[in-house]
Amino acid sequence: MHSFRFTVLRVALFLFLLLSSASILYTTAQNTRSARELSDQAMEGTALTLASTVEAELRSGDQLATQHVRRIFSDRVVAYALVSDKKGGIQFHTNPGLIETQLKEEKLDQWLQSGKAYGRRITLRTGLPAFEFNYPLHLPDGRSELLRIVLHTYPADQIVSKAQRMWWTVGLVLLILWAIGILFDRMFARQLRLQKKLQRSEQLALIGQMTAVLAHEIRNALGSIKGYTQWINEKMESSDPIKTGLSFVLKGIERIESLVRDLLIFSREETYRLEPLAVDPIIQEVINSEIFQGEKKIETTIEPGIQVFADKEKVHRILLNGIQNALQVMEGGRDLQIKADSKGKWVEIRIEDSGPGIPEEECSRLFTPFHTTKTTGTGLGLAYSKKVIEGMGGEISLFNHPEHTGAVLKIKLPKTARS
Ligand SMILES: Nc1ncnc2c1ncn2[C@@H]1O[C@H](COP(=O)(O)OP(=O)(O)OP(=O)(O)O)[C@@H](O)[C@H]1O
Ligand SMILES: [Mg+2]
């Protein structure tokens, strides 16, 4: 339920970020576009005012008209201006050297007849941007001529560049917005993880309590059954056929006893007596324990002097189960290898067997309580190992050997206390 709520919250956060970013970007793009339109309109307005003034001046028929026109075009904003007849012959140019040269303009005549003024952005030969405004001049003698005014765009484009500078601000705002969003998302995810961990540990604690009560009851009842069975067994003559039956009962009782013992160990709340623990001696101690006497040869390759910071009794139990598991799957053949070396802040212990390895479908269930493929196993060995290894700040994994058949149980433990 909680996880569903968190997922909804995360999706909502992501959607909010996406929508707000999209709307900010859209608004900024719109702003830039309208700034450009405004700048075009401003230039067109200036050009039109200049053109009308010039037309009025020329219509006045004044002798000094050309000089006046030249003065009008002396404005800083004008790059150049010209007047040409319908054949493209330049009658007037702000650069006097170009007067009586030819303008290369197609369909000039047709355009003059249509009588429509128009403006467009161009690039000058100098590479600078400019605004070209073409205006049909109507002269008093009824002739039409082209008045072309080319304006520098930089004064009008200041609005555009201001709008473009907005992109930096927008970029920064979006960056901050997404950074905050990602931070929130991380916090949500962390919260979710903690919540799940808490739920799981609560569940485990409950199962643990139930199991512990059940196991105690079973053990007590079993104690009486065992004692009474042993007593009858002792009283029986060795030739009595019932004695064979009783030995089966006793074996069964022992099996239940070991199961209950494992259950109690698995379900109890662990406390750890963490201390620096030399790796070589603890491995040797496990190998030399009674249950491995007469087993296949166990070969060790241990980096001298390495230590872990762990609970000795628990490490002993984990290694015991790991080695037992390995020996149980090996039938003759190669020796069992135990390797240990230091890896940065960690010590890595590997129990490498030459058994059949782990089938694909087993991999995800290996550390699940009660998962076993053995007739006499409880399936608690690896589950317990995982619980305590993680409790000591380490990691445990079981996988197929990358080079030959067989499995590797890898145990990682910290060298020093966690800060
Ligand atoms: N070295 C290995 N190679 C192949 N399979 C393994 C190996 N070690 C463990 N397994 C598989 O993982 C299962 C679980 O192991 P685990 O130690 O948890 O329980 P178990 O050995 O079956 O019983 P228990 O340890 O409680 O007596 C085993 O039954 C076995 O199928
Ligand atoms: Mg085992």
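These are my notebook entries on a predicted model, taken one site at a time.

**Magnesium site.** I started with the magnesium ion (ligand 2) and looked up its protein donors. They are OD1 of N321 and OD1 of N325, lying 2.2 Å from the ion. Why do N321 and N325 sit about one helical turn apart? Both belong to helix α7 (residues 312–329), and they are four residues apart there. N321 is buried at 14% relative accessibility, because the cut-off for buried is under 20%. N325 comes out at 21%, so I have it down as partly exposed.

**Helix α8.** Next I went to α8, residues 381–391, and asked which of its residues are buried. My list reads L382, A383, Y384, S385, V388 and I389. What do they pack against? I found α5 (241–267), α7, β11 (395–400) and β12 (407–414). After α8 comes G393, and its phi is positive, near 85°.

**Nonpolar surface patch.** I then looked for greasy side chains on the outside. L172, I176, I180, L183, F184 and M187 make up a nonpolar patch on the surface, and together they have about 600 Å² of accessible area. F184 is in helix α4 (residues 157–235), and at 39% relative accessible area it is partly exposed.

**Salt bridges.** A search of the whole structure gave me 22 of them.

- R148 pairs with E105, with 2.8 Å between the closest N and O atoms. This one links distant parts of the chain, 43 residues apart: R148 is in strand β5 (residues 144–152), while E105 is in the loop between β2 (90–93) and α3 (108–114). R148 is buried at 6% relative accessibility, whereas E105 is partly exposed at 28%.
- R143 pairs with E145, and here the closest N and O atoms are 2.7 Å apart.
- R350 meets D341 at 3.8 Å, N to O. R350 is buried, with 14% relative accessible area, and D341 is partly exposed, with 22%. I followed the shared partners from this pair and got one network of salt bridges, joining K339, D341, K343, E348, R350, E352 and K410.

How values were computed: Residues numbered from 1 in each chain as written. Chains lettered and ligands numbered in written order. Predicted model: local features only at pLDDT ≥ 70, side-chain atom pairs only at ≥ 80, totals over all residues. Heavy atoms only, no water. Donors = N, O, S within 2.8 Å, 3.2 Å for Na, K, Ca; no water. Helix = DSSP H or I, 4+ residues; strand = E, 2+ residues; numbered from the N terminus. Buried < 20%, exposed > 50% of the residue type's maximum accessible area, 1.4 Å probe, protein only. Contact = heavy atoms within 4.5 Å. Patch = residues over 30% accessible without salt bridge, like charges linked within 9 Å, V, L, I, M, F, W, Y side chains within 5 Å. Areas by Shrake-Rupley, 256 points an atom, 1.4 Å probe, with all protein chains shown as cover. Salt bridge = Lys/Arg side-chain N within 4 Å of Asp/Glu carboxyl O.
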